[in-house]
Amino acid sequence: MKLVSREEIKTLVEQPKDNSISIYMPVVPGGAEVRQNPIRFKNLIKEAHSRLIEAGVDESQVNQILEKANKIDTQDFWEGIGEQGLAIFISNNIFNYYVVPLEFEELVVVSDRFHVKPLLQILNNNGRFYILGLSQNKVRMLVASRYRCQEIDLTALEDVPTSLAEALEYDDVSEKQLQMHTTARSAVNSQSGVFHGQGVGTDDAEQKTNIMRFFKALAKGLETNILHHDEQVPLILAGVDFLIPMYKEANSYQYLMEDAVTGNPEILSPQELHSQALPIVETYWNNSHQKAVDLYNELLGNNTGNASNNLEEIVPAAYYQKIDTLLVAKGEHKWGLFDKGSQKVHLHQQEETGDEDLLDLAAAHTLINGGSVFVVEPEKVPSNKPVAAIFRYS
């Protein structure tokens, strides 16, 4: 299963679409009760069918749209799902689904765009992070969420050396200095860079110089190919003690975490690296959330006009790229319409045909416009409101 990233969700929000169906359902991952899954799925598809008909869509077109979802309704799919939540997005030209370790409430939304707020809780200020395993013989890079991780094939990227020997080879270092059995990249990878001694260089000073050259090339390659400053994705280092400060010196990526996983990353599985890195990034995320709450309270208390919990003010601000940070309550909905021409928000007590969740609209547009979104338990949103926003300074 692929990781749900900020970019995945932005793609869902930004794609042009009509008759967009968003379905969320809890999943029983195993045991005798797994048979509940296809029953619940069929009931939600029926609900989507009814809502499309109510919206005036021709029944033949409705059947054609929903047929895409019916293709996954197989015994193999339900028995192999292995997680607690399923999110499905369907439109005329799109069918995407995500199996995630979140227990969703049942929800069907039919609108002119996809409903993404339930998925945002898996991000909360990005929700993704990188782990960089450092050693002189082999560099490893993993992309992770709170719940899983996967290794990135660095050998497929240009200008990203995966070992000290390879970095120095790119730097046209002599064969004598390399002291390797082979200089071919494929051989370097297959042999894990076997050296005659403890490292490349004739003394400690030369060795440190070579490692710094290696790390500078590595940092530059990663920042060109993977680490993009505008995405604000934390990077956690893993390595033996003396390598960590050296890489920090070579690094210019803004979101490198101060704490690191210590030890030899070559002998750790991806799951072991993930479990050791997760507490570090969780602390960072929690601090980010608390800083946002503190700043919101300060701005609201000082009557600066740069913070609000008024949904009728927040929705147009989100649409017109004026929100820096949004805190929104998990599991809550505010149904209504946003008139983009008049910039007026029309709230309804109950969902009506054609309505959208205005909390979702605010979250989605904050996300695609580069803001930070925290989807949290209702009690963690300040002011006892379902939404709180910090505006960008004008």
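Modeller: One term to begin with: two strands pair if DSSP finds at least two bridges between them. Helices (H or I, at least four residues) and strands (E, at least two) are DSSP runs, numbered from the N terminus. On that basis, four strands form an open antiparallel sheet in the order β3-β2-β1-β4.

Biologist: Which strands stand at the edges there?

Modeller: β3 (95-100) and β4 (107-111) do; each has a single partner strand, so one side of each is left without a neighbour in the sheet. From one strand to the next, the twist averages 10 degrees.

Biologist: How many bridges join β1 to β2?

Modeller: Six bridges join β1 (residues 20-26) to β2 (residues 85-90), and the two strands run antiparallel. Met-25 stands opposite Leu-86 in β2.

Biologist: Which strands does helix α3 lie across?

Modeller: α3 (residues 59-70) lies across β1, β2 and β3, at about 150 degrees to β2. Axes are lines fitted to C-alpha atoms, for helices over the stretch in contact, and angles run from 0 to 180 degrees between N-to-C directions. Contact means heavy atoms within 4.5 Å.

Biologist: Before we go on, what sort of model is this, and how are things counted?

Modeller: This is a predicted model, where local features need pLDDT of at least 70, side-chain atom pairs count only at pLDDT 80 or more, and totals for chains, interfaces and linings use all residues. Residues are numbered from 1 along each chain as its sequence is written, and side-chain values use heavy atoms, with hydrogens and water left out.

Biologist: What does the protein chain average in pLDDT?

Modeller: The average is 86, and 89% of the residues score at least 70. pLDDT is the predictor's confidence in each residue, from 0 to 100. Over residues 173-201 pLDDT stays under 50; the model has 60 contacts beyond four places in sequence for that stretch.

Biologist: Now the helices. At what angle do the axes of α9 and α10 cross?

Modeller: The axes of α9 (residues 204-225) and α10 (residues 243-250) cross at roughly 55 degrees and come within 8 Å. That makes α9 oblique to α10; angles under 35 degrees count as roughly parallel, over 145 as roughly antiparallel, 65 to 115 as roughly perpendicular and the rest as oblique.

Biologist: Which residues make the contact?

Modeller: Among them are Ile-211, Met-212 and Phe-215 of α9, and Leu-243, Met-246 and Tyr-247 of α10. By class, the contact of α9 with α10 has 10 nonpolar, no polar and three charged residues. Ala, Val, Leu, Ile, Met, Phe, Trp, Tyr, Cys and Pro count as nonpolar, Asp, Glu, Lys and Arg as charged, and the others, Gly among them, as polar.

Biologist: And the other sheet, what order do its strands have?

Modeller: That open sheet of four strands has the order β10-β16-β11-β15, with mixed pairing. β10 (307-308) and β15 (372-376) are at the edges, each with a single partner strand, so one side of each is left without a neighbour in the sheet. β10 pairs with β16 (residues 387-391) in the antiparallel sense over two bridges, and the bridge partner of Ser-308 in β16 is Ala-389.

Biologist: What does α11 touch?

Modeller: Helix α11 (residues 270-301) packs on the sheet and touches β10, β11 (323-329), β15 and β16, its direction making about 80 degrees with that of β16.

Biologist: Where is Gln-321?

Modeller: Gln-321 lies in the loop between α12 and β11. Its phi is near 65 degrees, a positive value in a residue other than glycine.
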